[in-house]
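Here are some notes to read alongside the model, written for someone opening it for the first time. Keep the 3D view at hand and follow the points in order.

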Amino acid sequence: MSALSDLIDQQPDDERAAAYAALAESAIRAFDVTAEDVHVLGHNSGAAYRVETADARRLLLKIHAPRGDSEGLSANAILGGLQWLATMAELMDVPVQAPLPDPSGAFLPTVHYRGLSL
């Protein structure tokens, strides 16, 4: 389990959806995107969302969190996954979403949510 999972599990069942929505809002602000609609796709040690933006884009938002006492995915591992997507888009005739940097140009901003750095 991750610290994020522990935090969500501490919420009453009827408040968990609101906690996931607040987490998404925190992360979306880091990218300076205006969301029209946000859907939780799944969660494990982190969370994944489909974000439909005000300018009609559909984005995947992934929030990574460390599991238990272990470290979370390293920045290099996450960036490697983003590079793999960029290579797929370049070499294949497969639609692949391009990574979206935050306003400072970073692809992996840290999001602070209820005392956690994600």
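**Notes on the loops and the sheet**

1. Let's begin in a loop: Arg-114 sits between β4 and β5 (116-117). Please bear in mind that this is a predicted model. Although Arg-114 is not a glycine, its phi is positive, at about 45 degrees. Its relative accessible area is 45%, so Arg-114 counts as partly exposed, because that class covers values between 20% and 50%.

2. Now turn to the sheet. It is an open one of 3 strands, in the order β1-β2-β3, and the pairing is antiparallel. The edges are taken by β1 (35-43) and β3 (58-63); each has a single partner strand, so one side of each has no neighbour in the sheet. From one strand to the next, the twist averages 25 degrees.

3. Here is how the strands are joined. Between β1 and β2 (residues 47-53), which run antiparallel, there are 7 bridges. As one example to find on screen, Asp-37 has Glu-52 in β2 as its bridge partner. A helix belongs in this picture too: α2 (residues 16-30) packs on the sheet and touches β1, β2 and β3. The direction of α2 makes about 65 degrees with that of β2.

4. Ala-56 counts as exposed because its relative accessibility is 74%, and the class begins over 50%.

5. Take a closer look at β3 and its two faces. In a regular strand, side chains alternate between the two faces of the sheet. For β3, the covered face holds Leu-59, Leu-61 and Ile-63, while Arg-58, Leu-60 and Lys-62 make up the uncovered one.

6. Finally, a surface feature. Leu-79, Phe-107 and Leu-108 form a nonpolar patch there, and together they have about 220 Å² of accessible area. Of these, Phe-107 has its place in the loop between α3 (75-91) and β4 (112-113). With a relative accessibility of 37%, Phe-107 counts as partly exposed.

Technical notes:
Residues are numbered from 1 along each chain as its sequence is written. This is a predicted model: local features need pLDDT of at least 70, side-chain atom pairs count only at pLDDT 80 or more; totals for chains, interfaces and linings use all residues. Side-chain values use heavy atoms; hydrogens and water are left out. Patches are made of residues with over 30% relative accessible area and no salt bridge: like charges are joined within 9 Å, nonpolar side chains (Val, Leu, Ile, Met, Phe, Trp, Tyr) within 5 Å. Accessible areas come from the Shrake-Rupley method with a 1.4 Å probe; for residues, only the protein chains shown count as cover. A salt bridge is a side-chain nitrogen of Lys or Arg within 4 Å of a carboxyl oxygen of Asp or Glu. Helices (H or I, at least four residues) and strands (E, at least two) are DSSP runs, numbered from the N terminus. Buried means under 20% relative accessible area, exposed over 50%, partly exposed in between (1.4 Å probe, protein chains only). Two strands pair if DSSP finds at least two bridges between them. Axes are lines fitted to C-alpha atoms, for helices over the stretch in contact, and angles run from 0 to 180 degrees between N-to-C directions. Contact means heavy atoms within 4.5 Å.
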